[in-house]
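Please read this explanation alongside the sequence and the coordinates.

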Amino acid sequence: MLATAYASHAKRSGYNLLAEYVSGAELMTRPRTMPRGGVSLLALRIARRVAFTRWYTGGSARLEWRVIRRFRGRLRGVIHSLWADHDLGFLDLAPRHPDVTFCGTFHSPIDTLRESVRCKWRLRKLDRIILMSESQRPFFLHAGVHPDRIHVILHGVDTRYFTPAEHLSDASFFTVLAVGGHRRDFKTLQALCGVSEKNRRIRFRIVAPADWRSHFQGLPNVEFFSNITDEQLLREYRTASCFAHSAEEATANNALLEALACGLPAVAENVGGIPEYLTPSCGELIPPGDVPAFARALETLAGSTEKVMSMRRAARDRAIALDWKMVAQKTAAIY
């Protein structure tokens with residue numbers, strides 16, 4: 001398995017954890033960085049013009065070169081690019097031993113794939129393609145990939161690390177937690193916080209990049225956090241009452257799965273693959289951008305302890321069904 005990794009990502013979050021659960025798997029990884037200058041940067045700029053993905057980085061190039069060198073030793077088995085839509089540049093074009101199977105996982109929604117995947121015909125060179133959501137399938141079928149090579153395996157979560165609190169926090173406030181920045185619908189979240197001011201029991205805690213802090217300034221029912229530690233993030237999940245997921249588009253989402261694993265009911269905008277992860281027993285889907293519907297869903301939960309407790313149990317059960325062990329079994333089966 002090969003993947004680049006962002007230094008800022010939480011240690012127990014992300015798709016790279018799959019390697020820990022697939023028997024016999026070796027994870028080859030490099031930081032997702034760009035060269036700082038000179039010949040290396042020039043070479044990468046040239047390579048990016050013809051690489052499979054427009055997101056190709058210096059870390060991706062070093063990773064592929066390391067694998068290509070191992071081909072000289074007649075590498076056998078399965079090569080799995082865990083983030084093919086980020087890291088795949090040229091490795092699929094390298095000579096292969098007949099025993100080698102090339103697999104790529106794609107995480108991005110269709111609109112992003114249209115922009116990032118430069119050579120769609122090369123998708124047909126992959127022996128196995130793993131998707132995060134059925135919402136991605138049309139892109140690959142349109143590119144001419146045989147249906148038998150396309151597999152949807154939902155994203156996983158570490159249910160041993162992300163666990164519910166042993167005791168519920170103070171019920172005097174109903175705390176709504178929102179986490180993340182990539183492709184989040186901050187416009188809807190900001191409006192939601194504004195219309196929810198009238199319910200003094202509902203409070204929002206938002207964990208997001210610092211660039212978004214100004215959007216929530218002046219809202220008395222909002223606390224905003226950035227650059228928190230893994231331990232602090234886990235504490236936020238465990239002390240919240242509910243999780244709010246607002247997104248422009250999505251396939252899978254780490255924060256949503258981590259919240260479910262910590263026993264949080266969720267209210268989410270109905271976009272992309274989110275309905276495949278959030279079941280009616282543990283959450284509610286609302287139309288994209290429908291702030292009044294979002295607010296009503298939160299108020300209903302805030303007013304019903306019985307419903308919240310039922311959904312907390314269902315949330316944990318849903319997360320267990322998506323535990324990395326389950327994902328690993330499905331992944332090994334398609335190898």
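**Core and sheet**

Leaving aside neighbours within four places in sequence, Phe 243 is in contact (heavy atoms within 4.5 Å) with Leu 177, Ala 178, Val 179, Tyr 237, Ala 255, Leu 256, Ala 259, Leu 264, Pro 265, Ala 266 and Val 267. This is a predicted model, in which local features need pLDDT of at least 70, side-chain atom pairs count only at pLDDT 80 or more, and totals for chains, interfaces and linings use all residues. Residues are numbered from 1 along each chain as its sequence is written, and side-chain values use heavy atoms, without hydrogens and water.

Phe 243, Leu 18 and Tyr 237 have the most contacts inside the largest nonpolar core, which has 51 residues. Such a core is a set of buried Ala, Val, Leu, Ile, Met, Phe, Trp, Tyr and Cys residues joined through side-chain atoms within 4.5 Å; buried means under 20% relative accessible area (1.4 Å probe, protein chains only). Helix α8 gives the largest share, 6 residues. A second, separate core of 29 residues includes Phe 186, Ile 202, Phe 216 and Ala 302.

The open sheet has 6 strands in the order β9-β8-β7-β10-β11-β12, with parallel pairing. Strands are DSSP runs (E, at least two residues), as are helices (H or I, at least four), numbered from the N terminus; two strands pair if DSSP finds at least two bridges between them. Because β9 (222–225) and β12 (283–286) each have a single partner strand, one side of each is left without a neighbour in the sheet. Strands β10 (residues 242–245) and β11 (residues 266–269) pair over 3 bridges, and His 245 stands opposite Ala 268 in β11.

Key
Buried means under 20% relative accessible area, exposed over 50%, partly exposed in between (1.4 Å probe, protein chains only).
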